[in-house]
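Hello,

Here is the structure we talked about handing over. Please look through it first; my notes on the fold and the ligand site come after it.

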Amino acid sequence: MAIRLFIDGAAGTTGLEIRERLQGRGEFELLALDDAQRKDESARRDALHAADIAILCLPDDAAKDAVTLAEGANTRIIDASSAHRVADGWTYGFPELIGHAKIANAQFVSNPGCYPTGFLALVVPLVRVGLLPADWPYTVNAVSGYSGGGNALIARFEEDTDIAFRAYGLQMGHKHLAEMQAYAGLTHAPVFSPSVIPAHRGMVVDVPLPLAALPGRPSPAALHAALAAYYSDSPFVAVAPLDPVPGELLLLKSAAPWDGLTLHVCGSADGAQARLIARLDNLGKGASGAAIQNLNIMCGLPETTGLRL
Ligand SMILES: NC(=O)C1=CN([C@@H]2O[C@H](COP(=O)(O)OP(=O)(O)OC[C@H]3O[C@@H](n4cnc5c(N)ncnc54)[C@H](OP(=O)(O)O)[C@@H]3O)[C@@H](O)[C@H]2O)C=CC1
Ligand SMILES: CC(=O)N[C@@H](CCC(=O)OP(=O)(O)O)C(=O)O
């Protein structure tokens, strides 16, 4: 029997990409609400109760409401919003870091944020093996395609084509800080500089490291070897070769949807400095691709999404 799936927020940016990834997936029966009903509480409650699994692609407040509406049903929930990332009773849906078994058995799974996906993929394995300290004040510089801000930011960038670069998070309180700190087990929240470029999708997350000032002075080669070993079996995460250090990394405006995540260790010749850099699609491994990966794991299906990795 097909697994009944309800996407609450199916008309939004993340929901739409999830639906696209599910095309041709006969294991799932999609419960859909038409435009007149998609924000109707009683129709949403009915769909949330009828579904085996619901994926929430909603603003945070609406995602919390959806969880309340689903009360009394055994529906398993994947929440793409940031409402439950560090909440009790929720499993953080980052299989490569949390473990597949926890996600397979969870009722409530919270999809990671797009920026934390890059940051945590780079830092967690290295903190775990003691190559990077948990009490270092890390910095994170990142750029995102404008689809990262959903329909509202897409409309803004498509209407105002004069914007060449948008720095934000300037009050230092970005909503992704909590999950970055919590899942890396850091003493201090990182200093986070997010920004948006006039491309629809794509993301670069850059963690600069003054290696010579770190305890034990880890070498770029040691960082690279640890990441390569950690992700050696991952279908989603690739670690680029250490040598040669690329002259440049590009995000292309024409980039196609992509569910992979590529990690780079760029070290200076004397080993005194390095930049850990993650490249991903904010709508792929950063959102919709990760939701499908979690859905597959929760249903005991192969975890890959069918999209290029
Ligand atoms: N875009 C991205 O790259 C990423 C997004 N996310 C998260 O995923 C979630 C969805 O984001 P995204 O798809 O980008 O946002 P969008 O704004 O593109 O889509 C949100 C959708 O939710 C609908 N919606 C809003 N309120 C309600 C409600 N009360 N009941 C039912 N539907 C409602 C909206 O409808 P309407 O437009 O008519 O109001 C819209 O269709 C957010 O929490 C976001 O932070 C996470 C990782 C990356
Ligand atoms: C470019 C842009 O605006 N990006 C979003 C993050 C997108 C994301 O990861 O969504 P969550 O809200 O679910 O964490 C932001 O910075 O708020």
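**Overall fold**

The protein chain has 10 helices and 13 strands. Please keep in mind that this is a predicted model.

A compact globule of 309 residues would have a radius of gyration near 19 Å, and the protein chain has 19 Å, so the two agree. The C-alpha trace spans about 60 × 45 × 35 Å along its principal axes. As for burial, 43% of the 309 residues count as buried. Among contacts in the protein chain with a separation of 6 or more, 72% are between residues 24 or more positions apart.

**Ligand site**

Which residues come nearest to ligand 1? Of the 27 residues around ligand 1, they are G12, T14, S81, G150 and A287.

Four helices each supply at least two residues of the shell around ligand 1: α1 (13-22), α3 (60-69), α7 (150-159) and α10 (284-298). Of these, α1 gives the most, with three residues.

Sorted by class, the shell around ligand 1 holds 14 polar, nine nonpolar and four charged residues.

Regards

How values were computed. Residues numbered from 1 in each chain as written. Chains lettered and ligands numbered in written order. Predicted model: local features only at pLDDT ≥ 70, side-chain atom pairs only at ≥ 80, totals over all residues. Rg over C-alpha atoms; globule rule 2.2 N^0.38 Å. Buried ≥ 20, exposed ≤ 12 C-beta atoms within 10 Å, placed from the backbone. Contact = placed C-beta atoms within 7 Å. Near = placed C-beta within 6 Å. Nonpolar A, V, L, I, M, F, W, Y, C, P; charged D, E, K, R; others polar.
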